[in-house]
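Please open the model in your viewer and keep the sequence panel beside it. The stops below are meant to be selected one after another.

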Amino acid sequence: MGPLSRLVAAVLFCAALPAAAVERPVVGGDDQAAVEGAPTERLFEVFEEGVLTERDPVKAALFLASNGVHARMKAADGPRFESIFRQATEMADLNRVLTEHPNPGPMREALAARAGFDLLADTPGFLAWTKQKLPHADQKTVRAAVLEWDTLSPDLQKAIAAQGAKPEAWARQSLHARSAALAQVSAKALTEFMATVPKTPKELEALLARARKLDGILENSDRHKLWDFYNRASDAVTGLETARKLAGKNPAPAVKAALAEATKAGSLDAMLGSLGAAFDGLKPRGGAPEPEAAAAVRRAGPGTADQRFTPEQRATYTEMLKHSLIEQMKGTAAGDRLREFYKKEPFNLVVKPMEGGTMGLYSPRDNTVSVSEDLILKFVRGQGRAVGDLLQDPEIFRQVSQAVLSTVVHEGIHQEQEAWRRDRNLPHWYVVEHEVEAKSREAAFVLEKGSKDEAYAKFMADPEMQKKLSFVREASLIANELRRDPVAFGERIRTAYYPGVVSIETQARWAAQDPAWMREYQRGIAAELARREKLTPAERAALDSKTVPQPDRSVHSPSEAVALVSTFKTAELRERVRAISQYVSDKEAGRVSAASDYAAFVSRDRRTGVEVGGVLAMVTTPKRTGNLALGDRGGDGSPPPPPPVLKGRLAAPPPALAKPPLLRPDPPKRPAAALQSTLPGVPRGHEDCQNPTHGHPRSQWP
Amino acid sequence: MALTKLAAVLLLALPASAAPKRASAAKTREARLEPAKLRTEVPAAWGLTQDGAVAGSLTPALTALGPEGKDGVRTRIGLRWYGPGNRYFKDSAAYLARQADAGPIPVAGEKTGPVEDASLMGKPAKRLKRETFETIPPQSHEGRSVPVKEELLVADYDGGFLVLELRASAADFDKARPAFERAAAALSPAKPRGP
């Protein structure tokens with residue numbers, strides 16, 4: 001499932017796409033007045049010349065900003081308008097990518113993921129365009145981003161050559177093919193890296209040097225894995241040094257054995273597990289706290305059996321948490337908005353494992369809001385507690401529920417965005433602007449809650465809690481960044497937190513894909529299906545069982561997409577043919593409009609600033625008097641106590657609430673949804689994201 | 001007339017981020033903040049991003065993004081204008097008060113220095129320094145907390161106020177300051193575009 005899984009990956013940001021942040025083009029009042037006053041045919045002449053022939057990003061920006069004339073141009077000649085719109089969004093998007101990223105790695109990922117972009121189908125042509133039309137783009141960086149042979153390090157050239165690539169042939173290869181070759185090399189290098197278990201500071205230093213080299217060639221999702229592994233290894237080495245010092249020359253036999261196990265451990269989990277056992281035997285007397293190195297080992301390690309959820313415990317805890325969170329949201333703008341929303345929509349909370357970097361997730365496929373079980377259990381382990389304590393001890397329950405509250409608000413906002421799209425029959429565009437919206441509202445929620453709820457503020461401001469709980473640390477950072485400078489906040493969220501998420505312009509470009517491109521792709525699929533029809537059912541079944549999806553890579557031309565169809569299962573290919581037919585038919589009949597969808601998303605983006613500004617105006621100074629009205633704090637100010645627990649046994653889960661259906665009935669089939677599910681490399685909805693990315697650790701709304 | 005005007009507009013319109021003029025010094029390039037009509041100079045090799053650059057915007061922002069340091073933090077020089085009647089701050093005094101206020105949930109270990117007198121574009125301004133943190137990668141389970149420094153210059157401008165900011169890891173901050181000082185020295189009202 002090559003290009004399609006890239007499609008999923010792009011949405012999930014598994015193929016970390018550097019920020020194609022929204023840049024609404026600079027258009028002065030005079031420019032717009034001139035455009036809006038011009039006759040329609042003249043507009044076509046000017047913009048066809050400027051956008052299609054000259055490929056001038058300046059003209060493209062002016063076209064996009066002039067949405068006042070789009071409707072009449074489209075009414076006059078739909079296909080001509082779509083052509084200009086497609087190229088204009090493509091150029092605006094590429095301009096942004098090239099100007100925002102001074103480093104080749106993130107720029108390369110962004111370019112590689114722009115599936116179907118005409119300018120990227122021919123690498124020499126793309127380089128010539130950037131040189132001529134984007135003089136501010138640093139050519140050295142752009143050449144390195146498109147993996148020109150002479151920009152590769154000797155080690156990388158050697159590794160790629162070992163796979164059979166030759167420099168002369170490389171020069172003719174597309175970015176898609178070059179990225180594929182690089183992905184093979186980097187995947188192997190990462191596997192080798194994560195098989196290394198350093199035991200000494202010197203070995204750790206060597207590992208760090210390897211990590212820095214590898215960092216430059218990995219995609220963002222793999223960068224997360226790389227640095228998570230390195231940081232855990234660092235905790236392990238520091239832990240081993242500390243434990244040895246504490247153990248001294250004559251350690252107790254159990255401690256000695258545990259240290260010996262740690263020293264020869266073949267995996268990081270095994271090493272951390274043994275170190276945890278060693279620290280158990282080295283606990284300070286008199287209840288004094290353990291050294292930080294010990295707590296870090298426990299947090300990073302796998303934990304003991306009673307520090308992992310059983311299915312029953314997870315279900316009970318989730319119900320308890322759900323009730324508590326809804327109560328705690330009360331009394332804030334974002335929280336009250338969500339509480340109203342959840343009167344009509346289901347609040348399906350899930351606690352589940354997530355990979356490093358992901359704190360929460362909204363999935364429209366099953367309409368669930370999830371929080372990271374890993375982070376919750378990391379806290380439990382760090383406190384030396386068990387999962388049973390989480391269910392029975394009101395204090396630790398309260399701490400975790402307060403910590404995850406703003407994450408759940410964030411994911412709830414994504415659910416609300418999904419309902420907005422559904423109710424307006426808009427396509428499933430996952431865009432960075434929606435992350436900025438969710439982050440802005442989340443940060444505003446933390447500020448407002450903190451200004452009204454003294455207990456919440458005290459907990460979130462506690463330095464120990466900020467150290468032990470990622471949720472708390474991140475909430476305090478973003479709340480302060482928003483409070484101090486809301487304008488800088490948006491840019492930082494886009495470029496530092498979500499560099500892999502595409503913009504509204506990217507999605508609009510995809511939605512305006514040329515039907516001719518799709519028809520060529522469809523012919524390729526049809527040819528493959530015809531070939532498979534000649535196989536016996538047994539042969540076809542064997543083929544389907546053996547097909548392995550291509551690793552996630554984007555494609556820029558129909559021929560590249562067709563080259564990957566043999567890796568798809570037969571049922572998937574039949575679905576694609578059907579969906580493409582529908583898309584082409586809808587396009588030709590004028591039933592889909594990328595430009596209208598674009599305008600709707602831009603409009604929502606602009607409204608966010610207004611609404612968040614209103615909250616900030618309300619929360620400019622803290623108003624904690626200690627005498628808050630009950631209504632302001634959501635009940636009595638603390639989370640509802642967990643249900644009573646029978647001694648030694650879990651209580652029965654609380655009575656099930658009347659649950660609305662998990663899935664709402666499907667809305668009427670929308671033509672654009674068909675496109676979104678078939679265009680190679682284009683993000684598709686209704687999939688869960690399981691792979692976080694560097695700078696895209698949360699809210700992986702597929 | 002309309003056609004001529006349109007042609008002129010299309011031929012000569014130069015959005016800030018698309019075709020900046022090369023500054024006389026080879027290592028910097030011009031960056032324009034529209035519609036605030038401000039210009040400055042930033043390192044030529046840095047990326048540039050703009051927000052809110054539309055007619056009538058009261059909060060346009062421009063950020064020059066430098067390369068990532070060894071610790072993963074990107075150096076950035078930001079220029080923002082908060083116009084009169086913007087929805088966030090009444091004036092520069094309100095902005096500065098917000099910087100100095102710890103807020104309801106302070107970041108542990110953060111330090112904000114006193115507001116000092118300074119000058120910008122030949123007029124009185126205020127300077128503020130802060131030591132804070134970034135998590136690299138952000139929101140990661142095992143993210144490293146990297147010390148970061150900020151320096152802000154705030155001055156009244158055109159009925160509102162502007163903010164020029166340097167943000168970099170503590171390790172790279174001193175290295176980045178010359179670029180910040182150049183940006184401050186080069187900051188000036190931008191001449192209107194067009195024929």
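This is a predicted model: local features need pLDDT of at least 70, side-chain atom pairs count only at pLDDT 80 or more; totals for chains, interfaces and linings use all residues.

Residues are numbered from 1 along each chain as its sequence is written, chains are lettered from A and ligands numbered from 1 in the order in which they are written, and side-chain values use heavy atoms, with hydrogens and water left out.

**Chain A as a whole**

Of the 702 residues in chain A, 60% are buried, where buried means under 20% relative accessible area, exposed over 50% and partly exposed in between, with a 1.4 Å probe and protein chains only. Among contacts in chain A (heavy atoms within 4.5 Å) between residues at least 6 apart in sequence, 77% join residues at least 24 apart.

**Domains 1 and 4**

Next, colour chain A by its domain assignment, which gives domain 1 (20–155), domain 2 (201–302), domain 3 (311–501 + 599–674) and domain 4 (514–592); such bounds come from an automatic or database domain assignment. Keep domain 1 and domain 4 of chain A in view, whose centres, taken over C-alpha atoms, are separated by 29 Å. To their contact, domain 1 of chain A brings 13 residues and domain 4 of chain A brings 8 residues.

The area buried between these two domains is about 700 Å², with carbon and sulfur atoms giving 44% of it; buried area is the accessible area (1.4 Å probe) that two parts lose on being put together, summed over both.

Which residue forms a salt bridge with A:D514? Select A:R86, which forms that salt bridge with the closest N and O atoms 3.8 Å apart; the term stands for a side-chain nitrogen of Lys or Arg within 4 Å of a carboxyl oxygen of Asp or Glu. On the side of domain 1 of chain A that touches domain 4 of chain A, the elements giving two or more residues are α6 (78–100) and α7 (104–112) of chain A.

**A covered helix**

Move to helix α17 (residues 292–300) of chain A, where 8 of the 9 residues are buried. Among the buried residues of α17(A) are A:V297, A:R298 and A:R299.

**Two loops with positive phi**

Select A:R55 in the loop between α3 (40–53) and α4 (57–65) of chain A; A:R55 has a positive phi of about 50° although it is not a glycine, and at 27% relative accessibility A:R55 counts as partly exposed. Then go to A:L147, in the loop between α9 (139–145) and α10 (154–161) of chain A, where phi is positive at about 60° although A:L147 is not a glycine. Is A:L147 buried or exposed? At 3% relative accessibility, A:L147 counts as buried.

**A cis peptide bond in chain B**

Finish at B:E34, in the loop between β1 (28–33) and β2 (38–43) of chain B. B:E34 is joined to B:P35 by a cis peptide bond, with omega about 0°, and B:P35 also lies in the loop between β1 and β2 of chain B. B:E34 is buried, with a relative accessible area of 8%.

Note on methods:
Helices (H or I, at least four residues) and strands (E, at least two) are DSSP runs, numbered from the N terminus.
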